[in-house]
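The sequence and structure come first, and the points follow by topic.

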Amino acid sequence: MARKKKGHPRNDHRVGGSRKERLPRVALLIETSNEYGRRLLLGIRDYVREHEAWSFQLGEQARGQTVPSWLSKWKGDGIIGRIDDSSIEEAIRAVGVPVVNVSASGYGLVFPTVISDSEAIARAAADHLLECGFTQFGYCGDPRFEWSKSHEKHFVQYLEDQGFSCHRFAGTKSAARHWGRALEELIAWVTHLPKPIGVMACYDLRGQQLLVACREAGIHVPDQLAVIGQHNDETICEFCDPPLSSVIPNPRLAGYLAASLLDRMLKGERVPGGVYRVPPIGVAARRSTDVVAVPDEDV
């Protein structure tokens, strides 16, 4: 009498009568709370749909979220994550699987890192304000973020190369965490800026805060002060008053590239750490920069 065959290994399953290896397990430590993070995820999905399927570990996450409690016990094959601080970097390194970083925080650079091209973003914002006719410029950053400092450096340098100077808003980290104190700092800054002036905000939420400060200070936007952000988070931009112009990055391409790098690593290829920069798509012009700047108020 023929002996019955043993069951298939737990990691395999049958499809159409043939054995199929289990899907690679990939954790996605990417915030779902903002447009940039969600588009990173869509880019990863695009790559997987064009290639072999993965099994994803993805939860609802916010910017600056702490290390997920499940990560230390997770048994997977690879990680794509926003490594925003040292605790997340250490926790991910401890897992011991291939990793691709998609954060411009300055952490996690030992891994292949896919980020937006800061210099190209700053140049796109400056060119837009120059096309509006501005000869006076400002940069409104957030001292908590390294990528904000990077945008500032490139924005200021590009304008200096064109023969212009730039007024900078530094702010303090303590105030940046509290809206009331941050608003006081912003009102004081915009009140003393020369007018008319074009200002780049480090990201859309900072642009929204800057517009509130202008309204509180009685400064007309965009005639006296025009604002352009970056990220083009449409929900935030359209809730601004007036709607906020913004540089359009390409996080979907960044997510696609990150997935392709991880795929190579999962297949045994050695991908050295390094930074891969993705240029922006362009500028979404809205009413916050809908102006032709002239120094004569009567004109």
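With which residue does arginine 22 form a salt bridge, and how far apart are the closest N and O atoms? The partner is aspartate 77, and the closest N and O atoms lie 2.9 Å apart. The model is predicted: local features need pLDDT of at least 70, side-chain atom pairs count only at pLDDT 80 or more, and totals for chains, interfaces and linings use all residues. Residues are numbered from 1 along each chain as its sequence is written, and side-chain values use heavy atoms, with hydrogens and water left out.

**Salt bridges**

- A search of the whole structure finds twelve salt bridges, a salt bridge being a side-chain nitrogen of Lys or Arg within 4 Å of a carboxyl oxygen of Asp or Glu.
- Arginine 22 sits in the loop between strands S2 (18–21) and S3 (25–29), and aspartate 77 in the loop between strands S4 (55–57) and S5 (78–81), so this pair ties together parts 55 residues apart in sequence. Helices (H or I, at least four residues) and strands (E, at least two) are DSSP runs, numbered from the N terminus.
- Arginine 22 is partly exposed at 29% relative accessible area, and aspartate 77 is partly exposed at 22%. Buried means under 20% relative accessible area, exposed over 50%, and partly exposed in between (1.4 Å probe, protein chains only).
- Aspartate 46 and arginine 252 meet in a salt bridge of 2.7 Å, N to O. Aspartate 46 belongs to helix H1 (residues 35–50) and arginine 252 to helix H9 (residues 251–266), so the pair links parts 206 residues apart in sequence.
- Aspartate 46 counts as buried at 18% relative accessibility, whereas arginine 252 counts as partly exposed at 30%.
- Glutamate 238 and arginine 286 form a salt bridge at 3.1 Å, N to O. Glutamate 238 is partly exposed at 48% relative accessible area, while arginine 286 is buried at 13%.

**Packing of H6 and H7**

- Helix H6 (residues 179–191) packs against helix H7 (residues 204–217) at an angle of about 65°, with the axes 9 Å apart. Axes are lines fitted to C-alpha atoms, for helices over the stretch in contact, and angles run from 0 to 180 degrees between N-to-C directions.
- Residues making the contact (heavy atoms within 4.5 Å) include Trp179, Leu183 and Leu186 of H6 and Arg206, Leu210 and Glu216 of H7.
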